[in-house]
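Have the viewer open and follow along.

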Amino acid sequence: MVREKDICWEYAEKLDGNKVKCKFCQRVLNGGISRLKHHLSRLPSKGVNPCSKVRDDVTDKVRTIIASKEEVKETSSSGKKQKFVEVKSPPVNVSPVKALMSMETPSPIQKVYPNVTPMAPSSMNNQENAERSIALFFLENKIDFSIARTSSYQLMIDAITKCGPGFTGPSAETLKTTWLERVKTEMSLQSKDIEKEWTTTGCTIIADTWTDNKSRALINFLVSSPSRTFFHKSVDASAYFKNTKCLAELFDSVIQDFGPENVVQIIMDSRFNYTGVANHILTNYTTIFVSPCASQCLNLILEEFSKVDWVNRCFLQAQTISKFIYNNASMLDLMKRLTGGQDLIRTGITKSVSSFLSLQTILKQRSRLKHMFNSPEFCTNSSYANKTQSISCISIIEDNDFWRAAEESVAISEPFLKVLREVSGGKPAVGSIYELMTQAKESIRTYYIMDENKCKVFLDIVDRKWRDQLHSPLHAAAAFLNPSIQYNPEIKFLTSIKEDFFKVLEKLLPSPEMRRDITNQIFTFTKATGMFGCSLAMEARDLVSPGLWWEQYGDSAPVLQRVAIRILSQVCSTFTFEKHWSAFQQIHSEKRNKIDRETLNDLVYINYNLKLSKQTRNKSVEADPILFDDIDMTSEWVEESDSPSPTQWIDRFGSALDGSDLNTRQFNAAIFGSNDHIFGL
């Protein structure tokens with residue numbers, strides 16, 4: 001059968017009918033091998049969701065196959081099109097000479113390096129010529145290569161292609177004025193649409209604080225509700241960060257922007273603990289809660305785990321292996337071949353997360369690493385076979401104590417990484433954080449059932465951080481109102497959180513008139529009578545989000561229903577996605593005039609919200625919210641020296657270097673520099 005000979009079948013499993021199953025993400029597709037190709041190419045076409053787990057080398061191969069087939073189609077119809085092309089005149093104001101300028105005028109690279117002979121355009125087909133032009137555009141303008149992975153990149157190319165020959169792109173002035181304003185207006189309209197749901201769900205204000213390389217205290221304000229999260233503004237609070245009155249006025253203005261009646265909670269990190277602003281909010285806004293950032297607390301727990309002596313020693317041994325491999329081109333190439341193109345290192349949202357994820361990956365590749373260090377390719381290579389580093393790596397690889405420590409480290413960290421994934425995905429997780437933390441603690445007890453001392457070490461860390469950083473009455477009330485917890489007979493902590501639940505009710509229903517029937521409604525809910533006890537409600541307890549469950553089945557307790565929806569619709573974390581701080585630094589540059597500052601404010605508002613919008617669209621895709629796509633090539637898992645030379649950074653890769661190995665954040669910082677202005681401002 002001819003269809004079975006298609007090279008792409010090695011990436012799929014054929015199912016009944018015209019269905020195929022992707023071997024990377026396990027998604028089942030209708031439409032056969034053709035739709036699988038578009039799925040693996042990660043191109044936004046044919047209505048096929050892109051694969052989130054396909055390797056880059058497979059994506060490149062499949063894109064080449066698709067492009068070659070398109071070229072065949074174009075060639076078959078070229079006879080008909082040729083006459084039309086010959087009689088078509090150049091576009092207005094574009095001379096024939098100018099139309100061929102890319103062929104005859106020296107490129108930017110030629111001007112800098114006149115001795116470099118470019119690839120002869122005449123020997124290239126249309127696909128190669130287009131790719132070369134795009135590559136020159138990236139290189140000349142110092143655009144990081146990961147941009148080519150974004151969906152908007154391919155959408156832009158598709159839109160230009162539809163315009164046909166002679167298309168002239170918008171000028172810098174048009175982009176900076178007309179299109180900037182139009183896209184900003186679109187964003188504002190989307191924000192207004194989301195605001196309509198706040199009457200029912202309420203919203204969370206997120207105050208995300210960080211310090212830049214000039215020791216300035218910058219605060220990014222975002223607003224979150226079930227539909228999505230929006231970036232509001234960035235403020236330089238350096239001059240008054242320790243001034244409670246000034247900070248209070250800043251938070252007052254932000255609360256007024258969204259309406260105090262709409263705000264359920266404000267999430268702020270530990271940097272605000274000693275500023276007094278939390279007390280100001282709690283005193284002046286009686287229905288607004290101030291909550292800690294769950295992601296930050298979980299990261300502190302993992303950070304403390306990593307400081308335990310034997311865990312830290314395990315990290316150092318694993319880093320010896322990863323540094324040796326990633327600083328030797330041939331070793332990196334060999335490792336990639338043996339692991340099917342997979343990396344050993346993972347870059348997470350924090351240093352601690354990165355370390356535990358990387359150790360987890362090394363543990364998964366245990367057998368392949370052992371095979372690699374015993375392979376003929378390694379043993380016969382005199383450049384490193386008998387070097388001190390390689391001997392150390394072999395000693396670690398053959399050390400059973402190291403692997404036992406790795407297994408143990410992964411076992412104790414994974415439950416908390418799981419919680420971190422749940423609270424960092426941008427979805428309302430306030431109703432589950434209490435149960436998730438209880439389950440994570442129980443996992444440690446189970447794992448160390450025979451080792452009481454180790455169990456106590458890690459549980460003490462968790463309890464201390466939970467007590468000092470994470471515990472919130474709002475989290476307890478959300479757990480009490482979560483039907484999957486309330487009606488679960490195995491849950492033992494409901495009695496202990498009941499007091500916090502009542503405190504939250506008193507805060508949200510401050511007057512006796514508002515609380516008139518609340519006791520009866522609580523009884524109706526806890527005893528599952530009325531609509532709470534219907535078959536549909538019982539079946540949906542564990543199947544839908546708690547907020548949606550209350551919206552559909554909470555009519556028997558209308559006052560409690562309104563409170564429950566507002567509480568259960570909130571997020572509990574500030575972490576959303578990888579932030580590009582350089583843009584925020586440029587907003588607050590003292591050298592900027594008012595016009596440039598306003599334009600850059602608009603640019604950052606649009607850029608941040610486009611990324612948040614992309615995150616919302618990709619929620620259905622199986623992406624890990626605590627993991628970044630690119631490897632941090634300057635992390636302690638790779639970098640050997642404190643100040644590597646530029647050539648050392650590049651030379652270590654050799655043939656193993658590809659786009660997936662580049663950490664774009666570090667690439668930007670190292671290659672672009674802090675003085676390269678974003679968007680030309």
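Predicted model: local features only at pLDDT ≥ 70, side-chain atom pairs only at ≥ 80, totals over all residues.

The chain averages a pLDDT of 81, with 80% of its residues at 70 or more. Over residues 78–120, though, the pLDDT is below 50, and that stretch has 17 contacts in the model beyond near neighbours in sequence. Residues 642–681 also stay under 50, with 82 contacts beyond four places in sequence.

## A hairpin and its serine

Strand 5 (217–224) and strand 6 (229–236) have a loop between them, and that's where you'll find Ser225. The two strands run antiparallel and are joined by 7 bridges; a hairpin of 4 residues takes the chain from strand 5 to strand 6.

Is Ser225 buried or exposed? Its relative accessibility is 4%, so it counts as buried. Setting aside neighbours within four places in sequence, Ser225 touches Ile194, Glu197, Trp198, Thr201 and Gly202. With Trp198 there's also a side-chain to side-chain polar contact, at 3.3 Å.

## Trp198 and the other rings

Trp198 is itself buried, because its relative accessibility is 4%. The structure holds 29 aromatic pairs.

Another pair, Phe525 with Trp550, is tilted: 4.8 Å centre to centre and 50° between the planes. Here the link runs from helix 26 (residues 518–526) to helix 28 (residues 546–553), so parts 25 residues apart in sequence are tied together. Phe525 is buried at 0% relative accessible area, and Trp550 is buried with a value of 0%.

## A ring cluster and two charges

Ring pairs also link Phe305, Trp310, Phe416, Tyr447, Tyr448 and Phe458 into a cluster. Lys454 lies over the face of Trp310, 4.6 Å from the ring centre. Elsewhere, Arg541 puts its charged end over the ring of Tyr487, 3.8 Å from the centre.

## An enclosed helix

Why call helix 23 (residues 473–481) largely enclosed by the rest of the structure? Because 8 of its 9 residues are buried. Among them are His475, Phe480 and Leu481.

Technical notes: Residues numbered from 1 in each chain as written. Heavy atoms only, no water. Buried < 20%, exposed > 50% of the residue type's maximum accessible area, 1.4 Å probe, protein only. Polar contact = N/O pair within 3.5 Å; in protein donor to acceptor, adjacent residues only side chain to side chain. Contact = heavy atoms within 4.5 Å. Pairing = 2+ DSSP bridges. pLDDT = per-residue confidence, 0-100. Phe/Tyr/Trp six-rings, centres within 6.5 Å; stacked < 30°, edge-to-face > 60°. Lys NZ or Arg CZ within 6 Å of the ring centre and 35° of its normal.
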